[in-house]
Each structure stands twice: as structure tokens, then as C-alpha cells.
Amino acid sequence: MTSTMFRIGGDLGVRRLGFGAMRLPTEPGPAREASLQVARRAVELGVTLIDTAHMYGWGANEELLAEALYPYADGLLITTKVGVARSGPSAEWKLDGRPDVLRDQVEHALRRLRVERIELLQLHRIDPEVPLADQLGALRELQTEGKLGRIGLSEVTVTELDQAREIIDVASVQNRYSLLDREHEPVLAVCEAAGIAFLPWRPVAGAASGAAAEIAAVAAELGASSAQVALAWLLGHSPVILPIPGTARIDHLEENLAATHLHLPPAHRDRLERLPPSA
Ligand SMILES: NC(=O)c1ccc[n+]([C@@H]2O[C@H](COP(=O)([O-])OP(=O)(O)OC[C@H]3O[C@@H](n4cnc5c(N)ncnc54)[C@H](OP(=O)(O)O)[C@@H]3O)[C@@H](O)[C@H]2O)c1
């Protein structure tokens with residue numbers, strides 16, 4: 001029986017199946033109202049891990065979550081990410097890991113999320129133009145000041161993860177990963193060995209779009225949807241995996257969260273394992 005819970009950094013307990021907020025529209029109007037409802041429904045259904053980022057609407061996504069959910073339910077973790085910024089006259093985005101930028105984005109996130117401390121803050125990308133020790137040093141300073149609980153990374157290689165672990169305690173890694181996209185299997189292996197939470201992003205899109213007939217066939221046999229099969233596979237694949245599927249639709253949200261209860265019999269799991277690792 002796979003556990004439905006995970007302790008991030010060894011002590012921060014969350015339900016493993018979370019929610020990614022990136023796709024929630026934030027512009028004023030009916031779409032925003034619907035986004036508020038989706039976020040509230042996620043928590044109502046027991047989600048305790050919600051992923052956002054400064055980059056999602058340049059703060060608008062963080063604000064939306066606070067509007068929907070503040071005051072927060074006990075045990076709800078909203079994790080955000082910093083390290084991508086807009087600059088120049090055309091407001092183009094680029095990686096920006098300069099310490100003052102990271103600090104500024106964290107300070108803004110604290111205000112937007114209406115909290116005094118962000119329990120898990122993830123570096124959205126390592127900026128190749130800034131020494132890693134400076135980027136992580138800035139986050140460690142914020143941690144020492146009590147503004148951050150734990151620090152995670154996103155889109156890292158095994159080498160980068162190893163280098164980061166020499167500087168800070170890494171609590172989580174968020175890399176693109178799914179049943180159909182297993183390039184980061186070596187990173188997952190390091191996370192599993194070290195007890196680091198692995199938050200696969202884009203966990204359902206490929207399966208839900210019907211990219212693999214075999215997933216649809218397994219789903220039909222189990223009376224489930226392809227998205228549910230993709231999520232159940234992730235939950236069973238490693239105990240450190242915490243999927244964060246995203247949707248702007250309540251029906252898809254409910255469907256995705258129900259995957260916690262989907263049992264994949266070994267024969268069906270074997271069929272899924274035989275799919276090419278990068279479809
Ligand atoms: N660290 C990073 O660099 C990074 C990058 C991208 C994303 N992320 C995070 O990861 C989260 C998830 O990633 P993602 O949104 O790219 O991919 P995803 O969760 O795999 O897929 C979302 C897409 O699939 C659709 N979908 C969701 N559930 C469905 C279902 N049950 N049936 C059919 N379609 C379904 C959604 O459309 P509908 O709205 O129509 O349901 C949406 O188009 C994001 O919200 C974000 O928090 C992180």
C-alpha cells in the first residue's frame with residue numbers, strides 16, 4: 001500500500017497528490033472567479049500542497065491563491081518559486097539569480113501570499129551567469145532570517161543537485177517528468193536515495209491528450225481516465241514523488257485527485273512500464 005503522505009525536508013507533512021496553480025487565469029472577470037473556485041475546491045478535497053511561482057503572472061498567481069485561500073487551512077503548503085525576472089523595454093523574461101533579485105522576489109511573495117514565512121521556496125532555475133553559491137547563499141540567508149523554511153530546486157541535473165547539496169539542504173526538486181517523459185529518472189533516483197521530495201511538473205498533459213493509446217487502453221480496462229492512470233503510476237513509481245497536476249476546470253481537478261484511490265494492478269503497471277520512456 002503506497003503512502004498518501006510525505007514529509008518534505010523530513011518534517012513538513014503534505015498529501016502527496018498536490019495541485020499546480022500555473023494554469024489558473026488571473027485576469028479580472030469570470031475566468032478569475034472560476035480560478036478562485038478551483039483553488040478553493042482543491043483545498044476542500046484535501047489538497048495540502050499547491051505550487052505557484054513569481055513567474056506565473058509576475059506575482060498575480062500568488063495573489064490569486066491568497067485571495068482564494070487566506071486565511072489558510074491548517075497544514076496547507078503553498079510553495080512558490082523565484083529566479084525568473086522580466087527586464088528591458090519589451091519586458092522579456094530571463095533567468096535572474098542575482099541575490100538582490102531573489103531576495104526581492106521572496107519579499108514580494110511573502111506580502112502577496114500574506115505570510116511571514118514561506119515553508120518551501122524553490123529556485124525556479126539555476127542562473128548560469130551567477131555563481132551557484134551566491135544564488136543558494138541568498139536563499140540560505142533568508143532561511144536564517146526565518147523567512148524561508150526549506151529550499152528546493154527546479155529543472156536540475158544530477159550534477160547540479162550534487163553541487164547544490166554541498167551548499168544547502170535541498171528539500172525538493174521539481175523537474176519535468178511523467179510516464180511518457182522519463183528523462184530525469186537519474187535525478188529521481190538521487191532524490192529517492194536522499195529522501196528529497198520530487199515534484200514532477202507536466203505530470204498528466206501527455207497522457208490526457210491521448211498521446212499513448214496504451215495508457216487509454218489501461219484506463220478503459222480499469223474504468224478510469226488516462227490522466228488518472230498517469231497519476232496513479234507516478235504515485236506508485238516512487239514514494240518521494242509528489243505530483244502537482246494543473247487544471248483550470250473543477251471536473252478535471254476532481255478527476256485528478258481521485259487518482260489517489262486508483263489501484264494499478266501489477267499486470268497493468270507492467271504494460272505501462274514497457275512504454276517508451278520519452279514518447
Ligand atoms: N518548475 C517548472 O519549471 C514548471 C514548469 C511548468 C509547470 N510547473 C508546475 O507544474 C504544474 C503542472 O504542470 P502543467 O500544468 O504544465 O502540466 P499538467 O498538470 O500535466 O497538465 C495540465 C494540462 O492538462 C490538462 N488537464 C489536466 N487535468 C486533466 C484531465 N483530468 N483531463 C484532461 N486534461 C487535463 C489541463 O487543461 P484543463 O485546464 O482544460 O484541465 C492543462 O492543459 C503547473 O501548474 C506548475 O505549478 C512547473
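This is a predicted model: local features need pLDDT of at least 70, side-chain atom pairs count only at pLDDT 80 or more; totals for chains, interfaces and linings use all residues.
## Strand pairing around strand 5

Two strands count as paired if DSSP finds at least two bridges between them. I78 in strand 5 is the bridge partner of I50. Strand 4, residues 49-51, pairs with strand 5 in the parallel sense, and three bridges join the two.

Strand 5 also pairs with strand 8, residues 118-123, again in the parallel sense and over three bridges. Here, V82 has L123 in strand 8 as its bridge partner.

## Burial of strand 5

Strand 5 covers residues 77-82 and is mostly covered, with six of its six residues buried.

## The shell around the ligand

Now to the ligand, which is surrounded by 25 residues. The closest of them are G20, M22, W201, G246 and T247. Two elements give two or more residues to this shell: helix 7 (205-208) and helix 10 (250-257). Of the elements, helix 10 gives the most, contributing three residues.

What is the make-up of the shell by class? Eleven of the residues around the ligand are nonpolar, eight are polar and six are charged.

Key
Residues are numbered from 1 along each chain as its sequence is written. A residue is near a molecule or strand if its C-beta atom, placed from the backbone, lies within 6 Å of it. Helices (H or I, at least four residues) and strands (E, at least two) are DSSP runs, numbered from the N terminus. Ala, Val, Leu, Ile, Met, Phe, Trp, Tyr, Cys and Pro count as nonpolar, Asp, Glu, Lys and Arg as charged, and the others, Gly among them, as polar. A residue is buried if 20 or more other C-beta atoms lie within 10 Å of its own, exposed if 12 or fewer, and partly exposed in between; C-beta atoms are placed from the backbone.
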